[in-house]
Amino acid sequence: MRTSVRPSWGELPEAVRGSVAGVLGAGVVDAEVQGGGFSPGLAVRAVLGDGRRVFLKGVETGHPVHPVYAAEARINRSLGADVPVPRLLDAWEAGGWLLMAFEDVAGGHPDLRPGSADLDAVVRLLDRLPRKVSPAPVPDAPGVAAALEERFHGWRVLREEGAGLDEWSARHVDRLAAAERDWMADAGGDCLLHIDLRADNMLMRGDGEALVVDWAYLQQGAPWVDPAFLLTQLIRAGHTPAGAEAVLGKAESWRDAPPGAVTSFAVAQAGYWERSSRLPAPPGVPYLRGYQAAMAEIGRRWIAHRTGWS
Ligand SMILES: Nc1ncnc2c1ncn2[C@@H]1O[C@H](COP(=O)(O)OP(=O)(O)O)[C@@H](O)[C@H]1O
Ligand SMILES: [Mg+2]
């Protein structure tokens, strides 16, 4: 599925392309645009003049998503050497762009489908990640509940707007709206959270371990929140809700999750998707709303599984 519209290397201003040699010691001789994600930013796997391979991502400093990229540079500078991410080699501004160079990882995205050999690596990653980023290595990370509060109230908004909902949602909208805040009370903690775990934000390394990429949101909270974000991605990849929960059951961070909070989180996340999918597309991001509509349907299935609401 195509998800993003990204610039090619050649489209970038000369001052931006030329800056790589100054910072990394050799210029780009080949650059392959990477799909995945929804961002309109630059994402290329590049070969440098001296044969080294790097991953380059960046965005214009005036672009609305620039603060997200700036946060990604800040977060990655703070992560310890034992955190399973590609190392940030450098981050700099040139020609009106912010650029980041990461260690290149060749293995591609993990296959999250049932039976995939990559699932064990993904669960191992979820299992050990919280310990490596607690307490959060970046100072002043906002709490996840406060950070998401503004967006995670979709059911209340949809109910107030009298939005045309599907039959199941319309039947349950009152209790959905009532349940979408409860998770926040159990989401506190000092674990740095990624909150965007999907197959396209993970990469397989040659040794069979999974790495996280695109760590761009500065938030901290309870360790169960990141597995909760991944759960609907497993359903999307073909697991049943029960099967997806069983996969994550091998990760300590998920096993410790308070069940009521997880159910409320499932409600809040689906409400976010349901509501967001109805908003106009952000400039340069044409595929996001369709994805959110599909995820809202998946989110409803997860809620029905956890609550038994039919
Ligand atoms: N270090 C890396 N090495 C190789 N490919 C990478 C690396 N980091 C990201 N990618 C690829 O580029 C894609 C986009 O990168 P990502 O950091 O997720 O950017 P965005 O914020 O634009 O989604 C990823 O889905 C992945 O396929
Ligand atoms: Mg991404």
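In this predicted model, glutamate 180 is buried, with a relative accessible area of 0%. The residue sits in the loop between α6 (167-179) and β6 (191-193). A polar atom of the glutamate 180 side chain lies 3.0 Å from the backbone nitrogen of tryptophan 155. With neighbours within four places in sequence left aside, the contacts of glutamate 180 include Phe152, His153, Gly154, Trp155 and Arg156. Ser264, Val267 and Ala268 are also in contact with glutamate 180.

Most residues other than glycine have a negative phi, and most peptide bonds are trans. Against that background, the peptide bond from serine 134 to proline 135 is cis, with omega near -10 degrees. Proline 135 belongs to the loop between α3 (118-132) and α4 (144-149).

Aspartate 140 is also placed in the loop between α3 and α4. Although aspartate 140 is not a glycine, its phi is positive, at about 65 degrees. Aspartate 140 counts as exposed because its relative accessibility is 68%, and the cut-off for exposed residues is over 50%.

A positive phi of about 65 degrees is found for aspartate 214 too, again a residue that is not a glycine. Aspartate 214 lies in the loop between β8 (210-212) and β9 (219-221). With a relative accessibility of 23%, aspartate 214 counts as partly exposed.

Key. Residues are numbered from 1 along each chain as its sequence is written. Chains are lettered from A and ligands numbered from 1 in the order in which they are written. This is a predicted model: local features need pLDDT of at least 70, side-chain atom pairs count only at pLDDT 80 or more; totals for chains, interfaces and linings use all residues. Side-chain values use heavy atoms; hydrogens and water are left out. Helices (H or I, at least four residues) and strands (E, at least two) are DSSP runs, numbered from the N terminus. Buried means under 20% relative accessible area, exposed over 50%, partly exposed in between (1.4 Å probe, protein chains only). A polar contact is a pair of N or O atoms within 3.5 Å; within protein, one must be able to donate a hydrogen and the other to accept it, and residues adjacent in sequence count only if both atoms are side-chain atoms. Contact means heavy atoms within 4.5 Å.
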